[in-house]
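Dear colleague,

Here is the structure I said I would pass on. Please look through it first, then read my notes below.

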Amino acid sequence: IKQLRQTLIVLNKQISAKKLKSDFEQYCKKKEKQQKCNENVEAINRQIETLHRDISSIEDQMKQVNIALDFINEALSYIFFHKNRMVLEVADGKYVLKSNGRDVKPKDVSTGERNAIALCYFFAKIFENHQKNNRYTDENLVVLDDPVTSFDKDNKVGIMSFLKWQVDALFHGNPNTKLLIMSHDISSVFQLQKVYNDVAENNYRVRELIDKRLEDRGILNNNRNEYKKIMDEVFEIANGSNGDILSIGNK
């Protein structure tokens, strides 16, 4: 009986295997397909995570563009003393320039106005990837080459006010920040010196380029007169001076 039972059990398993062979083959195929689907799901999930990161990055960039745009427009209104005098807007992924509410092309505005936009954009680039409350906390070396002389008298006042705002913010934002402003206009240098006096007291130096050498002036005295200096140089040339005054033609 025991032997017969074992034989019947083996036969029963063989019969079951025959009956289930097709189902088992289908099961194996489904199992393999499930594994591939799981791998695809994992790959898609990784793509979704990457896309979420990209979306977050783009959203952050859009926020940053808005912050930069807000700063540029605030700075322009600061320079021109009017909220709508010169405004940048974003439309269809491009910057649009408006003057007094009307669309204008950059080539149709004055050189001074273009320079004002460029100066504001320059400072906006310095603060790239910074929130409004920590724009000035990084250590910076800021170099400005003659940011004042291309403006007429009225706009010079606005530019000086803007520069005073930025010098003050940079000076107090990080004590290690350095700011170098160059100009060939003595009156602009005096005005910039007043800005530094108000912001940094005596924590600055004035240097003058004379005969291709930098002379340390410390603080520039107000007894200097630009036109007197020009006339003195013209007189030296007219009087037969052998000095190397290369700019005499313009003067």
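Which residue in E2 does Val87 stand opposite? Val87 stands opposite Lys98.

The model is predicted: local features need pLDDT of at least 70, side-chain atom pairs count only at pLDDT 80 or more, and totals for chains, interfaces and linings use all residues. Residues are numbered from 1 along each chain as its sequence is written, and side-chain values use heavy atoms, leaving out hydrogens and water.

Sheet. Helices (H or I, at least four residues) and strands (E, at least two) are DSSP runs numbered from the N terminus. Three strands form an open sheet in the order E1-E2-E3, with antiparallel pairing; two strands pair if DSSP finds at least two bridges between them. Strand E1 (87-91) and strand E3 (102-103) are the edge strands, each pairing on one side only. Five bridges join E1 to the antiparallel strand E2 (residues 94-99).

Helices. Helix H2 (residues 111-126) has 16 residues and reaches 23 Å from first C-alpha to last, close to the expected 22 Å. Helix H4 (residues 186-200) has 15 residues and reaches 20 Å, close to the expected 21 Å. The expected span is 1.5 Å times one less than the number of residues. After H4 comes Glu201, with a positive phi near 55°.

Burial. Buried means under 20% relative accessible area, exposed over 50%, partly exposed in between (1.4 Å probe, protein chains only). The buried residues of H2 include Ile117, Leu119 and Phe123; those of H4 include Val189, Phe190 and Tyr196. Leu11, in helix H1 (residues 2-80), is partly exposed because its relative accessible area is 41%.

Regards
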